[in-house]
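Welcome! Keep the viewer open and try each exercise before you read its solution.

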Amino acid sequence: MFLQFLFISSAILTLACTVAVLVTKNLMHSCVFLLGTLVGMAGLYATLGADFVAVTQIMVYMGGVVILMLFAVMLTGGKDFVSRAQNLLGLPASMGNKWTYSMGIFVGVVFILTNVKLLSSIIKTTPTKTIGNDFPSTVTQLGHLLVKDHVLAFEISSVLLLGALVGAAIIARPRKQN
Amino acid sequence: MNQTVVSYLAQYEFFDFLVAIFKNNQSLLSFLIYLIFALLIVGMCATIGGLGTYAERKISADIQARIGPNRVGPYGLLQFLADGVKMIIKEDIMPATADKMLFYLAPLLCLTGVFATLAVLPFAGGFIMTDLNVGIFYLVAISSLVGVGVFLGGYASNSKWSMLGGMRGASQIISYEIPVTISILAITLLAGGMGFGTIVSNQGGLPHQWFMFHNPFAFLATFVYFVGALAETNRAPFDLPEAESELVSGYHTEYTGMRFGFFALAEYIEVFVVCGVATALFLGGYNIPGLDIDILPLQAIQFTIFMTKTLLLYYVVIWIRWTFPRLRVDQLMSICWKYLTPIAIFNLVGCAIWMVAFNGKSIAELVFGSH
């Protein structure tokens with residue numbers, strides 16, 4: 001019962017903050033509400049038993065991505081974006097016309113219907129109670145999966161991260177003056 | 001399943017008695033136990049944070065050959081209460097051009113981030129709110145909320161001093177998270193788990209059983225962690241975000257009354273938490289020398305041992321603050337990226353190689369045989 005209460009409150013937090021991100025006119029405030037959304041999602045993961053994923057969510061998004069966004073918004077002048085256009089007609093012409101919007105809505109409807117079709121089979125079947133495993137914790141299980149079964153994906157993603165690191169170093173290094 | 005306070009108490013007979021009182025409503029009972037423990041721990045740590053300000057002033061006075069606060073209560077001990085009352089009755093000023101919502105939110109974010117870390121701090125065997133099996137990772141993650149709070153506080157005040165302080169604070173906290181996390185990772189290798197219960201129970205009460213003296217790499221990692229933690233809590237010599245000689249008071253320049261108090265309290269409690277983590281990871285935690293059992297009366301001793309080690313580290317933190325001059329911004333960044341991070345990575349690799357090469361044995365076990 002307590003877990004259900006936590007799950008529902010996390011879900012409400014996520015939804016409310018997501019709506020707030022979309023509705024608020026101040027870009028800085030959107031970023032802060034996004035923080036609430038991501039914390040709420042971490043709460044959902046935690047109540048569903050994926051504690052490692054929940055903590056990683058907090059670590060990566062709250063400690064890294066949101067601060068990065070706040071920096072970016074602040075350094076590019078967050079104050080100037082306070083009154084951004086909200087309605088479709090107020091948007092500049094380069095954003096699209098009614099044909100592109102109606103195309104977008106059509107694609108969106110098809111996408112949602114496809115997802116509903118795919119998910120309906122999952123909703124109908126009742127999930128099995130516990131997946132039999134002999135690992136003491138999710139951390140151990142994830143570790144075994146990462147370095148045994150999915151070691152290739154793990155290594156490829158580490159190469160990707162290394163590339164990002166080198167790229168950042170090249171961009172940030174002082175240029176030679178001659 | 002994670003070990004928690006409730007599951008610890010459930011192994012004693014009086015728990016059944018309590019369950020009977022609550023008419024078998026287990027979830028209400030565990031909620032109440034969590035509530036009581038949360039209030040206890042938060043109250044205790046808030047008091048420690050308050051006494052931290054007193055200790056800071058008294059120790060700095062000792063170092064500078066002054067007397068320090070000595071009027072309120074015996075030895076001036078109640079000074080922090082007087083300060084707290086003063087803060088509460090002060091006028092709450094909101095700068096006219098401030099961003100109201102973020103201005104109110106920032107100190108609360110700081111305080112939330114710090115209080116949330118107390119959930120996994122191991123005070124004694126069983127006396128830990130919840131022994132998450134991702135404990136230390138959770139602590140590192142949730143304490144990054146403090147960085148967001150510092151940054152937003154600086155931004156929302158709409159003043160140049162606050163802005164500079166907030167930006168310095170955020171960049172400093174993010175940068176120093178890296179060597180700190182890598183040093184912690186080296187210790188999780190030695191312990192074979194991220195939960196505080198696992199980490200502490202893999203050490204012993206005597207110094208040669210501590211992870212600090214497990215191998216040379218872990219010894220180095222201790223100092224990397226400590227320096228990084230000083231920087232993460234914005235303590236001198238890394239107190240650039242609130243450098244009073246250049247930025248008035250940094251990110252909390254515009255804050256008055258209890259909102260400023262929240263920032264100060266968060267900082268002092270965070271220092272306590274960081275020292276507690278250092279105790280648990282490197283200095284043997286709450287282990288009693290020669291004994292490793294968690295029965296109920298012995299936990300008072302365990303608690304005393306944990307607090308003694310933590311408060312000694314707290315003393316060192318204050319001592320460092322009043323000894324070293326402040327760094328420049330470029331020195332701060334070069335220490336983090338050019339020295340601490342490479343050393344931390346070297347330690348991580350070294351610990352991994354040590355664990356494979358010597359089959360997880362510590363130096364003491366190799367030299368003197370089995371302990």
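**Exercise 1. Find the place of Asn158(B) and decide how exposed it is.**

Step 1: Asn158(B) sits in the loop between α7 and α8 of chain B. Helices here are DSSP runs of H or I with at least four residues, strands are runs of E with at least two, and both are numbered from the N terminus.

Step 2: Residues are numbered from 1 along each chain as its sequence is written, while chains are lettered from A and ligands numbered from 1 in the order in which they are written. The model is predicted, so local features need pLDDT of at least 70 and side-chain atom pairs count only at pLDDT 80 or more, whereas totals for chains, interfaces and linings use all residues.

Step 3: Asn158(B) counts as partly exposed because it has 17 C-beta neighbours inside 10 Å. A residue is buried with 20 or more other C-beta atoms within 10 Å of its own, exposed with 12 or fewer, and partly exposed in between, with C-beta atoms placed from the backbone.

Step 4: Look at the backbone too: phi of Asn158(B) is positive, near 55°, in a residue other than glycine.

**Exercise 2. Work out whether Ala65(B) is buried or exposed.**

Step 1: Go to the loop between α3 and α4 (79-89) of chain B, where Ala65(B) lies.

Step 2: Ala65(B) is exposed, because 6 other C-beta atoms lie within 10 Å.

Step 3: Ala65(B) is not a glycine, yet its phi is positive, about 55°.

**Exercise 3. Follow α8(B) from end to end and find its kink.**

Step 1: The 32 residues of α8(B) reach 46 Å from first C-alpha to last, close to the 46 Å expected. The expected span is 1.5 Å times one less than the number of residues.

Step 2: At Glu177(B), shortly before the proline Pro179(B), α8(B) has a kink of about 30°. The bend is the angle between axes fitted to the seven residues ending there and the seven starting there.

Step 3: Of the 32 residues in α8(B), 25 are buried.

Step 4: After α8(B) comes Gly192(B), with a positive phi near 75°.

**Exercise 4. Describe how α10(B) packs against α14(B).**

Step 1: Helix α10 (residues 216-232) and helix α14 (residues 329-357) of chain B pack at about 150°, their axes 9 Å apart. Axes are lines fitted to C-alpha atoms over the stretch in contact, and angles run from 0 to 180 degrees between N-to-C directions.

Step 2: Among the residues that meet are Phe217(B) and Val224(B) in α10(B), and Ile343(B) and Trp354(B) in α14(B).

Step 3: The residues of this contact comprise eleven nonpolar, three polar and no charged. Nonpolar covers Ala, Val, Leu, Ile, Met, Phe, Trp, Tyr, Cys and Pro; charged covers Asp, Glu, Lys and Arg; the others, Gly among them, are polar.

Technical notes
Contact = placed C-beta atoms within 7 Å.
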